[in-house]
Amino acid sequence: MAEHTDVPEAPADPRPRMPVWLPDVLVAVVVLVFALAPTPIPDFRPTSVLSLVLVLLPLAIVPWRRRWPLLTLAALLVNFGAAAATGILSPGIGIAIGLAMYQVTLRTIRRRALLIAACAVVAVMLLSLLSAIGSVYDPRAFQFGLIVALSTALGDAARSRRDYISAITERAERAVRSRESEAQRRVSEERLRIARDLHDAVAHQIAVISLQAGVATSVIDDRPEKAKQALATIRGAARSVLGEIGDLMSMLRTADVGDGSTGPQAGTDRIDELVHQFASSGLEVTVRTEGDLDRVTGATGLVAYRVVQEALTNAHKHGTEHRAHLLLRADDDGLAITVTNPTTASPSPGGSESPGLGLLGLRERVTSVRGTVDAGPDGGSWKIRAWMPRSKEQS
């Protein structure tokens, strides 16, 4: 069955996360310090109630930056312009604008963020001129513009890192889903293989048991010796099918399939033995071989054995006259198998109770080695033809 494999996990953020409320607290502290603490720079100190309200207003505006970042930025720019019109250049408002710009950059695409940042820098520098009546080139205007630009850069870096982590996480999750799909596919293939092996192990012997049981029932009164012979064949077929099922179960219970704990699988070297088994169960099989079958090994040889087994089982169960003809033709390209048996009606090409089930498994096996198979009536006979290329290890 499918082996357990470790799946990649989504990468964790190696840096500890900062509490979401911490930036708001820091901005509030800065706003309060510049609004209430005495500073040697006159332009930083509010001189009236109106200017004090304007300097403290970011405390109510900043908390909305996560829900409406762009509107928060616009409100803070208006707040900055109003304070500048009263002659106050508050660093607290400038830092609040930077924090809002960081949030805008984090929440939008790069091109749009850069456009908004450029407009914000220009707006801050122009609004700063409202309080710089004595000097148009007030260096503090450039400082506030630098705060906005730096916040934009930090927001872009944070967004890029977030997108990178998101991409890695998505890739890991996609790998997990792909691994699970692959595991399910392997489980399905394994179940199908087990079903085919179980069918191959049981169908032939059950057909023999069924036919010999019919023979024993019909002759038990008039020809008891033949009935005993049929019962002996039934007993041998039952032992054989139990042994094959036991081998299959042992292989399924083995942790390492390739550890050699089970015997080698049947290939073309055991076709003669298979034909002898059918002959002992009452099917006369004429075999003609062209080419060297010893050259057919590997997967092709294993499938060839199963093709012959299924075709002869079909002939034994559904054919008439209890005879079949087997042609094996091996050449440099591959192996061709033809099994013909007389029939008076179109048989169910399956070797099982479900019509076509055996033939379906036969096609799957032959297709697995890049071969072809065809089955159908041919005059008064039923013919199964299969061709398989030589295995790669034979080339």
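Analyst: Happy to. Keep in mind that this is a predicted model. Let's begin with a helix.

User: Which residues of α6 are exposed, and which are buried?

Analyst: A113, I116, A117, A120, V121, V124 and S128 of α6 are buried. R111, L115 and L126, on the other side of α6, are exposed. Buried here stands for under 20% relative accessible area, and exposed for over 50%.

User: Where do the buried residues of α6 fall when seen down its axis?

Analyst: Within an arc of 140 degrees, so the buried residues of α6 line one face of the helix. As for its length, α6 covers residues 110-128 and reaches 26 Å from its first C-alpha to its last, close to the 27 Å expected.

User: What is T105 in contact with, beyond its neighbours within four places in sequence?

Analyst: T105 is in contact with A113, T152, G155, D156 and R159. A113 is one of the buried residues of α6, while T105 itself has its place in helix α5 (residues 91-107). With a relative accessible area of 1%, T105 is buried.

User: Now the strands, please. How do strands of a sheet pair?

Analyst: Strands pair through backbone hydrogen bonds, either parallel or antiparallel. In this model, an open sheet of 5 strands has mixed pairing and the order β1-β2-β3-β5-β4.

User: Which strands stand at the edges?

Analyst: β1 and β4 (372-378) do; each has a single partner strand, so one side of each is left without a neighbour in the sheet. On average, neighbouring strands of this sheet are turned by 10 degrees against each other, direction ignored.

User: Which strands run parallel, and how many bridges join them?

Analyst: β1 (residues 284-290) and β2 (residues 323-330) run parallel, joined by 7 bridges. In this pair, E290 stands opposite R329 in β2. Together with helix α10 (residues 298-318), β1 and β2 make a β-α-β unit, and this one is left-handed.

User: And in what sense does β2 pair with β3?

Analyst: In the antiparallel sense, over 6 bridges. A hairpin of 3 residues joins β2 to β3, and L328 has I337 in β3 as its bridge partner. On to the next neighbour: β3 and β5 (residues 381-389) run antiparallel and are joined by 9 bridges, with G334 opposite P389 in β5.

User: How many of the residues of β3 are buried?

Analyst: 8 of the 9 residues are buried, so β3 is largely enclosed by the rest of the structure.

Note on methods
Residues numbered from 1 in each chain as written. Predicted model: local features only at pLDDT ≥ 70, side-chain atom pairs only at ≥ 80, totals over all residues. Heavy atoms only, no water. Helix = DSSP H or I, 4+ residues; strand = E, 2+ residues; numbered from the N terminus. Expected span 1.5 Å × (residues − 1). Buried < 20%, exposed > 50% of the residue type's maximum accessible area, 1.4 Å probe, protein only. Arc of directions from axis to C-beta. Pairing = 2+ DSSP bridges. Right-handed = clockwise from strand over helix to strand, strands pointing away. Axes fitted to C-alpha atoms, helices over the stretch in contact; angles between N-to-C directions. Contact = heavy atoms within 4.5 Å.
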